[in-house]
Amino acid sequence: MLLVIDAGNTNITIGTYKKDELLFVSRLATDRKATKDQLAISLKSIFSLNCIKAEQFRGAIICSVVPEITQALSEAVTILTGSTPLIVGPGIKTGINIKIDNPSELGADLVADAVGAISKYQLPCLILDLGTASKISVVGEDGAYLGCTISPGVKISLGALAEGASQLSQISLIPPTHTIGTNTADSIRAGIVYGTADMLDGLCDRIETELGTKISSIIATGGLSSIAKHCKHDIIFDDNLLLFGLKTIFEKNQK
């Protein structure tokens, strides 16, 4: 079995593959101060809940955008499985030609997303990764990573609005029934949910125009990917795209 881990700013997502089957996906809240022992205990508990023994893993791979916990997480995996995990970064084979100004700047999560999308979907494609930040990655028809857009995530926008306006309380992201809100909560929901969806639609159109070629696939992934259900474009939803990308990267590095 293969252990795949995505350490994001909000959550650490843990998955286990048995050959091509994703057996389970679990999440931990990201704690930048967590020690290797704390992380090992949390991982062991997740394995136990899913009836998995740590010694069953033949390998592991980690993708992290939180440098503060990358090393501790790697050591925790080593403690449990007895093997050193691959960490997505410079020197790891991905098979992608990264055509941005400084390829080393590209987040490991976006690399894994792109690898997964290239393996599964028709190109050129756009990957909407909606989480702490809302990101749109652009993969060309030859499989090259061409760049991306990054904007504040939905929850960050909502939190900033609530913090900046003292009369506004925290609002849930339940989609409103109307665009024209008739109360404060629904008005905020309409602005955040439909506003984000229209922003995504608009950026997809701008990217397609700039590329000068029709986009074949638009894939939504990430913890807040449900926002894309309100887009006008035809969207493919793939919650575990990043984990599949990690599995693919691991296999590329075993050859």
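Q: Where does Thr70 lie?
A: Thr70 is part of helix α2, which covers residues 67-81; helices (H or I, at least four residues) and strands (E, at least two) are DSSP runs, numbered from the N terminus. This is a predicted model, in which local features need pLDDT of at least 70, side-chain atom pairs count only at pLDDT 80 or more, and totals for chains, interfaces and linings use all residues. Residues are numbered from 1 along each chain as its sequence is written, and side-chain values use heavy atoms, leaving out hydrogens and water.

Q: Is Thr70 buried or exposed?
A: Thr70 is buried, with 15% relative accessible area (buried is under 20%, exposed over 50%, partly exposed in between; 1.4 Å probe, protein chains only).

Q: Which residues is Thr70 in contact with, leaving aside neighbours within four places in sequence?
A: Ser64 and Ile87 are in contact with Thr70, contact being heavy atoms within 4.5 Å.

Q: Changing topic, how many disulfides are there?
A: The count is zero, a disulfide being a pair of cysteine sulfur atoms within 2.5 Å. For Cys204, the nearest cysteine sulfur belongs to Cys231, 6.7 Å away.

Q: And is Cys204 buried or exposed?
A: Cys204 is buried, at 4% relative accessible area. Cys51, at 68% relative accessibility, is exposed.

Q: What order do the strands of the open sheet take?
A: The five strands run β8-β7-β6-β9-β10, with mixed pairing (two strands pair if DSSP finds at least two bridges between them).

Q: How many bridges join β6 to β9?
A: Five bridges link β6 (residues 125-130) with β9 (residues 217-221), and the two strands run parallel. Cys125 is opposite Ser217 in β9.
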